[in-house]
Amino acid sequence: MKTQVFIVGGGVAGLTVALKLVKRGIDVIMVEKSPHLGHAYKGELIQPKTIQLFERAGIYESFSTAWTTFSTIETSELNVHLQPMLRSSMDYKQLPAPFQYAAMLPHSDIKRLLLKEVKRYDTFTLLQPATFEKMEENRAFIKQGKQKRTVAFEYIIGAEGVNSRVREQAGIERKRHVYEHDFLTVSFPAPDVVKHGHLIATKDRFLGLFPLPNGYVRTVYLIRKGEYKAWRKEPLQLFYDHYVSLFPALDGHVQTVKEWRAIQLMVPIRQHANHYVKDNIALIGDAAHSVHPMAGEGMNLAIQGADCLGELLIDLYEKRKGNEFLTYYESVHRKRVKAIMNLSHLGGLAYGKEGKAWQRSRTFALKQLLNNETLLAKYLFNISGLGFWPFSVKDSVTLVKRSKTTRVVNQMEQYQYGLDDDYPWRQQMR
Ligand SMILES: Cc1cc2nc3c(=O)[nH]c(=O)nc-3n(C[C@H](O)[C@H](O)[C@H](O)COP(=O)(O)OP(=O)(O)OC[C@H]3O[C@@H](n4cnc5c(N)ncnc54)[C@H](O)[C@@H]3O)c2cc1C
């Protein structure tokens with residue numbers, strides 16, 4: 001077999017880049033080792049930049065009829081008596097129009113909708129279940145059942161997640177950080193009050209709640225490393241009690257979870273490949289970068305990187321350019337990943353450490369952030385992915401000193417990524 005672009009892995013990253021390419025008539029072969037889409041929880045929060053890219057890709061309509069949206073995230077800090085010490089909210093409505101909301105959709109539905117779109121094009125071939133084993137001189141060796149197959153390619157994309165074999169075979173190193181905490185996650189029918197995001201924290205606990213379609217809620221609960229094994233030996237009442245003590249409205253709802261098996265363990269890691277590109281090899285999604293899930297960004301970065309690489313490959317084919325231009329993808333995407341990786345890491349640290357003193361510092365920093373509308377707007381704008389509004393030295397001074405509310409300076413539009421920022425090579429290839 002032969003193809004122009006060979007993609008290893010049919011996750012959100014692989015499917016997004018495949019869709020971009022096949023829509024422009026480029027030949028794609030994709031291998032996916034799993035026989036089905038998978039029902040594991042793997043990121044459901046869709047940030048505004050990703051929504052904008054769905055619109056550019058012409059798939060906004062099919063997603064918008066399936067997802068549920070929200071604009072507010074409410075943050076609460078509870079004291080030792082579980083009484084509120086701080087309650088405040090962030091509002092996506094502050095963002096530049098029209099993407100003033102985030103969306104939630106189960107991960108398997110996101111993949112199902114992407115796959116449905118990709119399959120409409122004749123230049124797409126999916127080998128599933130089939131496993132990529134190795135590559136040699138522009139040929140990929142795959143195993144499908146008992147059969148071994150070879151695919152000759154012009155480009156190969158490693159989109160097979162954190163344990164990328166393409167990355168390994170290309171000899172690209174990565175840096176990896178494992179956190180001192182894990183998360184439990186499960187979804188169940190939501191109480192009426194869960195119409196938007198909620199983050200609830202105490203000195204040693206954290207619960208995140210986000211509305212899903214069909215009246216469900218996605219819940220994420222922070223536990224210490226190693227705690228999961230001990231918990232599973234206990235009756236589920238332990239789990240119910242933790243949830244209900246932090247968010248009483250969950251009583252009568254969390255009990256619909258009937259077995260520990262339904263609750264998934266989520267191990268956060270931060271991982272970054274030293275390069276995303278080597279010759280005609282590119283890495284996207286978790287194969288290139290994986291971030292702490294606190295800001296809900298991993299899947300978004302995967303889709304955003306895939307969009308960038310897809311647009312670049314289309315231009316390389318249409319303008320008959322060689323693979324030396326592939327590095328444009330890395331130069332655009334890497335700095336965005338670094339910025340979001342740092343924000344996600346800070347979020348992981350802020351909620352991952354325990355103790356009263358730590359909670360006091362976090363609450364103080366949160367108050368400062370919430371009292372300073374510019375700082376809050378910067379944070380929200382940056383996690384939305386719509387652009388990057390740099391933090392300044394003045395911001396850190398504001399965070400440590402008590403400061404009055406500053407005048408709101410809405411400069412978001414100035415920092416918003418336009419087409420020339422998303423696809424800067426076009427100016428040079430004209
Ligand atoms: C538990 C969990 C919770 C998360 N929560 C969030 C969140 O709240 N928000 C968020 O934005 N992100 C979240 N993420 C991160 C997000 O899910 C990932 O960043 C995103 O799914 C990465 O997509 P991907 O396509 O790069 O990789 P993956 O989704 O890992 O897809 C890789 C695919 O490659 C296939 N594959 C692997 N090896 C081979 C091979 N050798 N041959 C063929 N196929 C292969 C796999 O079967 C898989 O289908 C979470 C991740 C996890 C694990």
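Five bridges connect strand β5 (residues 72-78) with β14, and the two run parallel. Strands here are DSSP runs of E with at least two residues, helices are runs of H or I with at least four, and both are numbered from the N terminus. Two strands count as paired if DSSP finds at least two bridges between them.

Before I go on, this is a predicted model: local features need pLDDT of at least 70, side-chain atom pairs count only at pLDDT 80 or more, and totals for chains, interfaces and linings use all residues. Residues are numbered from 1 along each chain as its sequence is written, and side-chain values use heavy atoms, with hydrogens and water left out.

Back to β14. Glu77 has Ala201 of β14 as its bridge partner. Strand β15 (residues 206-212) runs antiparallel to β14, joined by four bridges, and there Ile200 is partnered with Leu207 of β15. Four residues lie between β14 and β15, which form a hairpin.

How many residues of β14 (residues 197-201) are buried? Five of the five, where buried means under 20% relative accessible area, exposed over 50%, and partly exposed in between, with a 1.4 Å probe and protein chains only. Gly197, Leu199 and Ala201 point one way, His198 and Ile200 the other, and all are buried. In a regular strand the side chains alternate between the two faces of the sheet.

Now the ligand. Of the 28 residues around the ligand, Glu32, Tyr41, Lys42, Asp286 and Met299 come nearest; a residue counts as near if one of its heavy atoms lies within 4 Å. A ligand nitrogen is 3.1 Å from a polar backbone atom of Lys33, and a ligand nitrogen is 3.4 Å from one of Gly43. A ligand oxygen is 3.3 Å from a polar backbone atom of Gly296. On its own the ligand has 990 Å² of accessible area, and the protein covers 87% of that; areas come from the Shrake-Rupley method with a 1.4 Å probe. Elements giving two or more residues to the shell are α1 (12-23), β9 (131-136), β17 and α8 (298-318). The most come from α8, with three residues.

Last, the surface. Val267 sits in the loop between β17 (264-266) and β18 (269-273). Val267 is partly exposed, because its relative accessible area is 46%.

How values were computed: Polar contact = N/O pair within 3.5 Å; in protein donor to acceptor, adjacent residues only side chain to side chain.
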